[in-house]
Amino acid sequence: MRKGFLGIGVIIAIIVVLGLMLMSSYNGFVNEEENVDQAYAQIENQLQRRLDLIPNLVNTVKGYASHEKEVIQSISDARARLAGARSPEEEATANAELSSALSRLLVVVENYPNLKADTQFTQLMDELAGTENRISIARQDYNDRVSVYNKKVKRFPGALVAGITGFDEKEYFKADPRSQEAPNVDFGGQG
């Protein structure tokens, strides 16, 4: 009879230990998933900051370059696509389009020396440059968090727990494939 209680006690102890390990692993997944979500929120925060700066920048340029409507329209369109993006992939693509449109705007600015000297424009460009740096750092932080999380999902015994509890790999924030191409800069034949 004592051996029966001992056997039951050992089985209960094993179940308790396994339960604690499962709970600990599950909580680790919850923490890492929250870290990924927080890092992604920082990307969105910086993208929103950039979206908020762009109308001021565009309006400043409009005053000087009223006939550069195509560039200004492409910025507005790209900004709207970025605001409507729903996944890291969509945001990366829209972000690349907006960056391309902004680079075309900088080419336009070269044709307006008075604009480059405008204090408001200079301040907006500095803020935009700072925001671009923050976006880059936020994307890197996000991808670092995704890497930690995805490794946890793939490694044993985490893969078992992830499979049972429904934790799936997260998507990295990837650059748009078109960002590999060098932008075409044309100064209108000036040389």
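Guide: Some questions about labels and their cut-offs follow.

Guide: This is a predicted model, where local features need pLDDT of at least 70, side-chain atom pairs count only at pLDDT 80 or more, and totals for chains, interfaces and linings use all residues. Residues are numbered from 1 along each chain as its sequence is written, and side-chain values use heavy atoms, without hydrogens and water.

Visitor: How many helices and strands are in the protein?

Guide: The protein has 6 helices and 0 strands. Helices are DSSP runs of H or I with at least four residues, and strands are runs of E with at least two.

Visitor: Why is Val-16 called partly exposed?

Guide: Val-16 has 45% relative accessibility. Buried means under 20%, exposed over 50%, and partly exposed lies in between (1.4 Å probe, protein chains only). Val-16 therefore counts as partly exposed. Val-16 sits in helix α1, residues 2–64.

Visitor: Why are α5 and α6 called roughly perpendicular?

Guide: Helix α5 (residues 119–154) and helix α6 (residues 158–165) pack at about 90 degrees, with axes 5 Å apart. Axes are lines fitted to C-alpha atoms over the stretch in contact, with angles from 0 to 180 degrees between N-to-C directions. Roughly perpendicular covers 65 to 115 degrees. The pair is therefore roughly perpendicular.

Visitor: Which residues of α5 and α6 meet?

Guide: Lys-152, Val-153 and Lys-154 in α5 meet Gly-158, Ala-159 and Ala-162 in α6. Contact means heavy atoms within 4.5 Å.

Visitor: What share of the residues is buried?

Guide: Buried residues make up 34% of the 191 in the protein.

Note on methods. Angles under 35 degrees count as roughly parallel, over 145 as roughly antiparallel, 65 to 115 as roughly perpendicular and the rest as oblique.
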